[in-house]
Amino acid sequence: MADLFLIAEIAGRPVAIASDQVESVVDIGEVVPVPRADARVRGLAALRSRVVTVIDTRAVLGLNGGDMQSRAVITAIEGHHYAVLVDALEDVTPCALQPLAGGIVLDPAWRPIGCGIVELGGEPVLAIDLRAMIPGLAVAA
Amino acid sequence: MDDLLQEFIAETRETMEALTGEIVAWEADPSDRARLDAIFRFVHTVKGSCGFLDLPRLARLSHAAEDVLSAVRGGERAPDAALVNAVLAIVDRIGEIVEAIDQGTALDDSGEELLIAALDGKAEAEPAQPSAVSMAPRAPTRSVRLSVDLLDRMMSGMSDMVLARNELARRLREADDPAVEASLERLSLTVAEMRDTVTRTRMQKIDALFSALPRMVRDTAAGLGKSVALSIEGADVELDREMIEMMRDPLGHIIRNSIDHGIEAPADRRKAGKSENGSLTVSARQSGNQIIIEIADDGRGIDVDKVIARLAATGRNASELRALPEKAKLDLVFEPGLTTKDEVTGVSGRGVGMDVVRANVEQIGGRIDLSSQRGQGLTTTIRVPLTLSIISAIIVGAGGQGFALPRQSIEEIVGIRDDGSIRIDRLGATAIATVRERRLPLVDLGALLGLAAPDRGDPRMLVIVGVPGGAYALAVDDVLDNEELVIKPAAPAVMAPGVYAGQTLPDSGRPMLLLDGAGIANAAGLVFTREVAAEPANEDEAEPVMPALMFLDLDGVRRAVPLAVVDRVEPADPHDIHFTAGELRLSVDGRIVPLAAQGTLDGREGVSILRLTDGASDIGYAIAEALDIADLPCAMTPAREPGPVAGVVAWRGEQIEMLDAHWLFAEHVRVASDGVARPICLLAGREAGWMATFLRPALERAGYRVATALKPGETAALTLAMDDDAVTDNAPVLRLSREPREGADTIFRYDRAGLAQALARHAAGAR
């Protein structure tokens with residue numbers, strides 16, 4: 001059983017995002033910061049008439065904010081829209097999600113967001129859960 | 001009235017559709033409590049609306065059905081097949097009548113008596129026959145119901161259109177063609193008008209909810225032989241139309257309850273010393289990200305004992321209920337099927353429906369709170385979240401970013417003036433604002449949000465923000481604009497800092513955050529109590545004053561101390577002041593006096609000492625010099641934290657810090673100096689020598705004078721002995737042991753905490 005995955009690049013690494021989590025892929029414009037908010041919140045951006053909360057993936061991974069990324073994956077979670085910044089977007093391909101098994105342990109920064117492995121042209125790519133990147137949500141059921 | 005009737009019909013129809021499933025389920029399982037409650041809510045709501053809309057037939061039917069269902073809920077009747085049939089027949093009949101009203105046709109009312117009688121089990125209800133009327137095509141109505149989703153899409157499409165228009169306008173301005181600009185102007189006007197209309201499809205003034213109240217209050221009160229004056233405040237608060245619809249029933253129930261159960265009959269009110277006319281206030285306001293609706297009456301309040309008695313009658317444990325905290329007791333009125341009224345009335349019935357009310361409010365994410373004063377009245381507060389609203393906002397700039405602030409929370413906007421009537425002062429490191437003799441805590445928005453360095457000079461603009469219990473001055477860089485904004489809820493991560501109420505997208509196309517005035521006060525650590533909120537007293541009235549000694553403190557600040565606690569002021573040599581045993585002490589006249597000081601003594605030739613006394617003990621307070629004796633106003637703005645300074649008073653346009661005499665004494669008088677009569681602790685037995693060496697400081701700290709032998713005429717307040725010593729004195733004895741022992745009535749001699757506790761207990765008893 002193959003699901004559609006969006007292949008993107010985060011912090012220089014390829015990742016796969018389940019396409020049912022992705023509403024659209026956009027270039028976001030100016031980001032207005034939200035003072036005092038979690039470091040993972042880059043700020044707010046306007047997406048047509050909608051205001052989206054921009055999530056800084058580099059901060060999620062505990063890295064220092066990189067150069068200004070502007071490509072983002074839009075996801076809707078609990079009635080709010082979030083733009084998750086990515087370095088680059090590559091392709092949408094059908095892949096089969098395999099569990100992280102066989103003694104593979106992710107390093108602590110990636111562990112909360114990693115949810116499996118997909119094979120892409122013979123190479124393993126980490127599948128990530130966008131929901132796990134967003135601060136302030138109720139603990140996932 | 002037509003509108004209300006249309007709404008009632010549409011609503012009843014809708015509920016009936018939803019209820020069909022419930023009815024079938026209830027028929028299958030009459031013991032199903034949730035289904036029963038749903039049907040009960042339906043007839044209760046119909047009854048409430050009918051009373052107001054003057055539909056006596058529906059009212060009679062629904063009232064009868066409600067009676068029976070309430071009896072079932074209370075366990076007085078069993079839901080047997082006959083009863084279920086009878087209730088269902090009535091529900092069907094309600095549906096038929098509603099259809100008939102809508103079409104303006106008459107419906108034969110024969111058989112309704114039979115339906116009602118069937119409820120009591122006196123007659124067999126015929127299974128409802130689908131009547132010809134309900135088969136007829138529905139008459140077209142003038143109002144339609146739309147799904148909220150559709151409205152939302154319309155709204156966001158509208159916003160897109162505005163943004164596109166702005167973009168187009170920018171580009172066309174570059175082209176500079178007057179003909180194109182004129183037609184763009186026309187488009188702009190249409191778009192603006194259109195947006196207004198679209199917005200109104202979603203938003204409604206709460207007046208739509210309140211406008212029906214005067215008539216309802218009048219009719220309800222008249223039906224009960226009462227007279228009630230209604231006052232309505234805040235009718236222009238705008239609320240999501242969906243919310244208004246959801247609030248209609250709860251509000252009606254609460255008001256009917258207030259008039260029926262709360263406000264007393266005129267004769268009783270006279271007896272209680274109140275005016276014959278009851279008063280009922282309904283108000284709405286927006287606060288932070290909530291709309292608060294308050295219904296306050298001046299009736300008898302909730303009789304908690306009666307509520308408990310009622311619940312006890314239904315089998316609840318009365319003593320358990322009585323042990324609940326006060327607030328939880330009040331909340332008992334939300335228990336299903338409860339009434340405190342002895343007889344059932346046509347107005348609010350017996351269920352009071354408070355459980356229904358709460359269910360309705362909670363369904364829209366709201367909260368309901370009661371505050372009852374026995375004999376004084378009841379205030380019901382409903383808070384509903386601000387899902388979406390349009391508010392009039394001021395846009396302020398801080399650290400180069402714009403923020404919206406609800407206009408409602410702003411008292412005024414002022415600039416710093418050179419004449420000193422509006423200025424910033426520093427209390428220690430804390431900046432405070434004085435606006436025309438009114439002292440306010442100051443919050444620097446830029447610094448609070450981490451957008452600007454905290455020390456970048458005094459701000460030029462202050463926004464005075466009102467919060468419950470007081471107000472504060474918010475320092476901003478600029479006041480930029482004034483705009484009507486559509487506020488939407490922000491993501492949890494954005495709300496987490498607690499200083500925002502929502503987000504908005506103004507015409508600029510740049511997202512903006514809406515600040516929450518109360519949240520900012522919280523984040524800045526401001527604490528407001530009602531006393532502080534007291535406005536500066538009327539200038540005409542003589543303010544109470546207090547004679548005080550003003551002085552220049554060691555740290556260069558002008559402070560004052562109430563004259564009553566000053567014994568004398570005397571010069572002292574700094575060499576007599578030493579930091580010994582944890583605090584500053586002054587040697588004077590062969591005694592040691594604890595000394596308080598703010599600032600350093602280093603490098604001073606001489607200091608003055610304020611000798612402060614509370615009548616029993618005295619302490620010193622080192623100052624640079626005494627200045628003056630003056631009458632200072634008693635009104636004081638308390639300090640943020642307890643400390644040597646109690647607060648600040650205004651005197652001739654200056655801020656004078658007032659010392660906290662109580663704090664100083666509490667801090668420095670632990671063991672008063674010798675000579676003051678103190679209870680004697682007698683050290684007895686073989687270990688008296690050890691005790692004198694080891695325990696004396698602890699005993700003295702506990703307020704005892706230590707003696708190894710009593711002089712003639714002295715009696716010991718406490719005797720300290722080892723567990724195996726024989727003691728002849730008749731004072732209370734505290735025994736110590738050499739080894740720790742579990743559960744013994746002695747204290748291990750190195751158990752410092754236990755010893756201190758025992759001493760404190762005895763010392764308290766001795767005084």
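## A tour of chains A and B

Select S283(B). Leaving out residues up to four places away in sequence, S283(B) touches F210(B), E233(B), I292(B), I293(B) and E294(B); contact means heavy atoms within 4.5 Å. S283(B) sits in strand β4 of chain B, residues 278–287. S283(B) counts as buried because its relative accessibility is 12% (buried: under 20% relative accessible area, 1.4 Å probe, protein chains only).

This is a predicted model: local features need pLDDT of at least 70, side-chain atom pairs count only at pLDDT 80 or more, and totals for chains, interfaces and linings use all residues. Residues are numbered from 1 along each chain as its sequence is written, chains are lettered from A in the order in which they are written, and side-chain values use heavy atoms, without hydrogens and water.

Next, select L445(B) and L474(B). Within the largest nonpolar core, of 58 residues, these two touch the most other members. Such a core is a set of buried Ala, Val, Leu, Ile, Met, Phe, Trp, Tyr and Cys residues joined through side-chain atoms within 4.5 Å. Beyond four places in sequence, the contacts of L445(B) include V396(B), F403(B), L515(B) and I520(B).

Now go to the chain boundary. Chain A brings 21 residues to the contact and chain B brings 26 residues. About 2000 Å² is buried between them, 63% of it from carbon and sulfur atoms (the accessible area, 1.4 Å probe, that two parts lose on being put together, summed over both).

Finish on R510(B) and E30(A). They form a salt bridge, with the closest N and O atoms 2.5 Å apart (side-chain nitrogen of Lys or Arg within 4 Å of a carboxyl oxygen of Asp or Glu). The count between chain A and chain B is one salt bridge.

Note on methods:
Buried means under 20% relative accessible area, exposed over 50%, partly exposed in between (1.4 Å probe, protein chains only). Helices (H or I, at least four residues) and strands (E, at least two) are DSSP runs, numbered from the N terminus.
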